[in-house]
Structure formats: C-alpha cells, structure tokens
Amino acid sequence: QQAEVVQLDALLLDLCTRMQGKAAKFDLTLHTQLEPAVIWADQESLMQIFINLIDNAIKYNRPGGQIKVALFVDGNRVDVTVQDTGIGIPAEAHGKIFEPFYTVNRDRSRISGGTGLGLSLVKQLAEAQKGELALVKSGEDGTTFRVYFPLYNG
Ligand code: ATP
Ligand code: MG
C-alpha cells in the first residue's frame, strides 16, 4: 500500500465511466454526483473498494434499475455513498454481510452471487485508509452503502 494525495472525485468519475458499459449490459443506469475532495489514501485500495461496491450494486439490482455514486464533503469528512434500486438485504442479514464468506441466499440474485469476500475486503481496505464502511439502509427500494474518509488538509 502506497498512500498519496488522491483527488477522489476524479478517481470515482473515471471508475464510473469505465463501469458504465457493464451497467448498461444489465439495463442499469449509473449516475454520479461528485463534489471535489482530496484525501490521503492508496489509489489501488480505493479502486478495489468502489469496484466491489458498484459490482454489488449491479449484481443485486433489478432490470431497468439505477445506481448512484455521490460524494459530499461534510466538515472534515468525505462521505461517499453507493446507492442502488436493487433487491435489498434482508434485515436479519445486516449484521453479517461484512463477515468473510457470508452470502445471502444466492438463488435470489439474477446472477449467482460470488464468494462473499467482497464486503469483508472493502471493510478492511476502508479501515486501512482511515475510513469507515457502513450499511446506511437496505429494503424493498434498494440499498445504500457509505464510506467515510478524513478530508486531506495539507
Ligand atoms: P464477492 O463480492 O466475493 O464476489 P458477494 O457479492 O456474494 O461475493 P459480498 O460482496 O461480500 O459477497 O456481499 C455479501 C452478500 O451481501 C451478497 O452475497 C449479497 O447477498 C449481499 N449484498 C451485498 N451488496 C448488496 C446490494 N447492493 N444489494 C443487495 N444485496 C447485497
Ligand atoms: Mg460482492
């Protein structure tokens, strides 16, 4: 891991642009709403974090659905949310999704789920960047994850 100054909005815009094609294949639209923000982090880890969250937002979505990646600066905190209009996570699973190898019943997704390592990796990588990963909400109308990072101030 190699921490450096990262223009996080530019990294996210680039990543979302590159993931548009995959989203379109599943009849999904991917939107961004990004304020400018600089953080101190490892670029490769940031890519892994957001590839995994967007990949989940694609895999567990519904045809014609939406994905929104938003970045807001809130005081000394950079707040990135990945929101989807997908199938949601049952309430009884909310406490387990960050455990390695945990998957909700794989029959429920259009594409068979993966190994269940994605979110545990995202959590580790976010914490290694002094960030924090949380499930904001999940229900019938979809799921929102949030990652906080400290704002870089010189
Ligand atoms: P992997 O990421 O290793 O390919 P995975 O996607 O199954 O496999 P995680 O990313 O760790 O594993 O997610 C764990 C489980 O949480 C998933 O199996 C899925 O059931 C549920 N989940 C994760 N993200 C979402 C989401 N955005 N909407 C609905 N369910 C989700
Ligand atoms: Mg995953």
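Guide: Two strands pair if DSSP finds at least two bridges between them. The model before us is predicted.

Visitor: Over how many bridges do strand E5 and strand E7 pair?
Guide: Strand E5 covers residues 77-84 and strand E7 covers residues 142-150. Within this pairing, Val-80 stands opposite Val-147 in E7, and the bridge partner of Arg-77 in E7 is Pro-150. The sense is antiparallel, and the number of bridges is eight.

Visitor: How many residues lie between E6 and E7 in their hairpin?
Guide: Strand E6, residues 132-139, pairs with E7 in the antiparallel sense over seven bridges. Ser-138 stands opposite Thr-143 in E7. The two strands form a hairpin, and the number of residues between them is two.

Visitor: Which strands stand at the edges of the open sheet, and why is one side of each left without a neighbour?
Guide: Five strands form the open sheet, with mixed pairing, in the order E2-E4-E5-E7-E6. Each edge strand has a single partner strand, so one side of it is left without a neighbour in the sheet; these strands are E2 (29-34) and E6.

Visitor: How far apart are the axes of H1 and H2?
Guide: Residues of H1, among them Leu-11, Leu-15 and Met-19, meet residues of H2 including Leu-46, Phe-50 and Ile-54. By class, this contact has eleven nonpolar, one polar and one charged residues. The crossing is right-handed. The helices pack at an angle of about 35°, and their axes are apart by 11 Å.

Visitor: At what angle do the axes of H2 and H3 cross?
Guide: H2 passes H3 in a left-handed crossing. The contact includes Ile-49 and Leu-53 of H2 and Leu-121 and Leu-125 of H3, and its residues divide into seven nonpolar, five polar and one charged. The axes come within 9 Å and cross at roughly 145°.

Visitor: Which elements give two or more residues to the shell around ligand 1?
Guide: The ligand is surrounded by 22 residues, the closest being Tyr-60, Thr-103, Val-104, Gly-114 and Gly-118. The elements that give two or more residues to this shell are helix H2 (43-59) and helix H3 (118-128).

Visitor: How many residues of the shell around ligand 1 are nonpolar, polar and charged?
Guide: The shell comprises 22 residues. Sorted by class, they are nine nonpolar, twelve polar and one charged.

Visitor: What pattern does the chain follow along the sequence?
Guide: The chain has three helices and seven strands. Read along the sequence, they follow the pattern β-α-β-β-α-β-β-α-β-β.

Visitor: What radius of gyration does the chain have?
Guide: Along its principal axes the C-alpha trace spans about 50 × 30 × 25 Å. For 154 residues, a compact globule would have a radius of gyration near 15 Å. The chain agrees with this, having 15 Å.

Key:
Residues numbered from 1 in each chain as written. Chains lettered and ligands numbered in written order. Predicted model: local features only at pLDDT ≥ 70, side-chain atom pairs only at ≥ 80, totals over all residues. Near = placed C-beta within 6 Å. Helix = DSSP H or I, 4+ residues; strand = E, 2+ residues; numbered from the N terminus. Nonpolar A, V, L, I, M, F, W, Y, C, P; charged D, E, K, R; others polar. Axes fitted to C-alpha atoms, helices over the stretch in contact; angles between N-to-C directions. Left-handed = near helix turned anticlockwise from the far one by under 90°. Contact = placed C-beta atoms within 7 Å. Rg over C-alpha atoms; globule rule 2.2 N^0.38 Å.
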